[in-house]
Amino acid sequence: MNEHDSERMAGILESQGFVPAASAEDAEMVILNTCSIRDKAEQKFYSELGRLAHLKGRGGNKVTIAVAGCIAQQEGEKLLSRTPSVDMVIGPSDIARLSAMIEKKRDLGRPVVETGGDPEYHRRLVPASRTDGLKAWVSIMYGCDNFCTYCVVPYLRGRERSRPPRDIVAEVRVLGEQGYREITLLGQNVNSYGKGLQEPCTFPELLRRVQDADGIERVRFVTSHPRDLSDALIDAIRDLTKVCESIHLPVQSGADRVLASMNRRYTSAEYRDKVQKLRKAVPDMVITTDIIVGFPGETADDFACTLRLLQEVEYDNIFAFKYSKRTHTKALGIPGHLAEEVKEERLAQVLELQKGISLRKNEHHIGSVQEVLVEGASKKGGMLTGRTRGNKSVNFPGPVHLRGSLVNVRIIAAGPNSLSGELCV
Ligand code: SAM
Ligand code: SF4
């Protein structure tokens with residue numbers, strides 16, 4: 001989502017006549033688009049800002065430093081006093097005001113802050129500067145209403161707002177005309193798309209509408225909250241030919257006690273049930289997830305439930321994180337915060353277990369023929385790289401002019417993170 005926000009800010013700047021600079025040293029303006037989902041992301045921002053601050057002023061360098069994204073929203077005005085090198089602070093729902101802010105800063109000659117949140121942002125048509133040419137992200141909604149107790153997103157990105165379906169469909173049609181072959185619909189919880197729309201539309205209906213766009217061959221979406229994974233969505237994945245057989249379905253924990261304390265509003269049995277339904281409807285469904293280890297109060301037994309769930313569900317891949325304390329969130333007040341070493345140890349166990357599962361899942365593909373969207377030359381010399389409908393990376397020998405084509409590849413080998421194959425002729 002942040003990367004796509006960056007594309008939108010670049011789109012606004014390019015519409016104002018700006019062009020990309022080769023490096024921060026050459027730039028007139030640098031925007032740091034920040035994330036504060038975990039402490040590590042926040043620390044990365046402060047060290048990068050330190051590096052840029054060092055650059056500023058040296059040899060008369062007058063670069064404008066702007067901070068965007070969730071840290072901008074979280075810190076607001078405070079960023080100016082704490083970090084004097086910052087000239088602009090812009091919240092994630094204020095992006096459409098970027099050019100006005102640049103002018104204001106020029107006119108006033110002092111730093112400007114815009115974090116009030118534009119109430120009409122979801123109805124604005126903000127240009128995006130996309131460079132991939134094949135795969136594009138399309139935001140369908142902003143914010144989140146779920147208030148999981150560990151998560152800062154609802155506080156920083158605001159309440160859930162859906163973009164009008166006709167704006168989304170129009171954007172996808174243009175992408176198809178421009179030669180894009182794959183789109184990924186973005187939202188914190190795409191399954192609940194449609195709340196408060198003037199023109200009613202559910203997420204399965206939206207999928208149906210976007211897949212009609214000429215030129216687009218594949219439709220993906222992230223992220224799905226398990227509680228809102230409806231039978232209608234499962235049917236849409238089964239029936240709509242362009243909607244790929246892959247879903248990111250974050251479970252977070254395998255222990256009911258922890259899930260309740262996280263305010264996820266499903267039990268592990270309900271989650272397993274949804275996975276079963278998905279696999280019954282679409283047998284080769286690729287399922288990935290997010291796991292948080294070391295949530296406050298997580299006991300050794302709770303953690304064992306998470307390991308058991310991983311063994312049972314057999315995800316194709318997971319993203320696992322150590323619980324990180326976040327400002328505003330309710331989990332800060334939950335008793336039983338765990339020591340860093342315990343979290344480290346649990347994270348290592350989860351990753352080790354999953355490595356074997358991912359390898360086994362990938363090995364199942366050996367001998368099968370997969371439809372691959374060719375993305376171009378692989379980092380390995382002389383090879384092409386692309387993705388299956390299940391979003392698995394495949395390397396295979398072939399000519400570079402195949403970029404952008406859908407080809408059939410027979411899988412001949414598998415590792416935990418990718419597949420290797422040969423073109424079927
Ligand atoms: N909306 C999506 C959802 O509910 O799954 C994803 C939101 S978040 C950007 C991505 C992942 O970051 C979450 O699924 C969760 O695993 C992780 N995460 C969020 N807050 C966290 C925290 N305080 N500590 C560790 N991981 C966190
Ligand atoms: Fe955060 Fe939960 Fe919303 Fe995802 S659903 S963004 S984890 S509050």
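Mentor: A residue is called buried under 20% relative accessible area, exposed over 50%, and partly exposed in between, using a 1.4 Å probe and protein chains only. The model is predicted, so local features need pLDDT of at least 70 and side-chain atom pairs count only at pLDDT 80 or more, while totals for chains, interfaces and linings use all residues. Side-chain values use heavy atoms, with hydrogens and water left out, residues are numbered from 1 along each chain as its sequence is written, and chains are lettered from A and ligands numbered from 1 in the order in which they are written.

Cys244 is buried, because its relative accessibility is 1%. Searching the whole structure for disulfides (pairs of cysteine sulfur atoms within 2.5 Å) gives zero. For Cys244, the nearest cysteine sulfur belongs to Cys424, 18 Å away. For Cys305, it is that of Cys148, at 19 Å.

Now the strands and helices, which are DSSP runs numbered from the N terminus (H or I, at least four residues, for helices; E, at least two, for strands). Strand 11 (286-293) and strand 12 pair in parallel over six bridges, where pairing requires at least two DSSP bridges. One of the bridges joins Ile291 to Ala320 of strand 12. With helix 12 (300-313), these strands form a right-handed β-α-β unit; right-handed means that, with the strands pointing away from the viewer, the path from the first strand over the helix to the second runs clockwise.

Arg326 is buried at 6% relative accessible area. Leaving out residues up to four places away in sequence, its contacts include Asp39, Glu42, Tyr150 and Leu332, a contact being heavy atoms within 4.5 Å.
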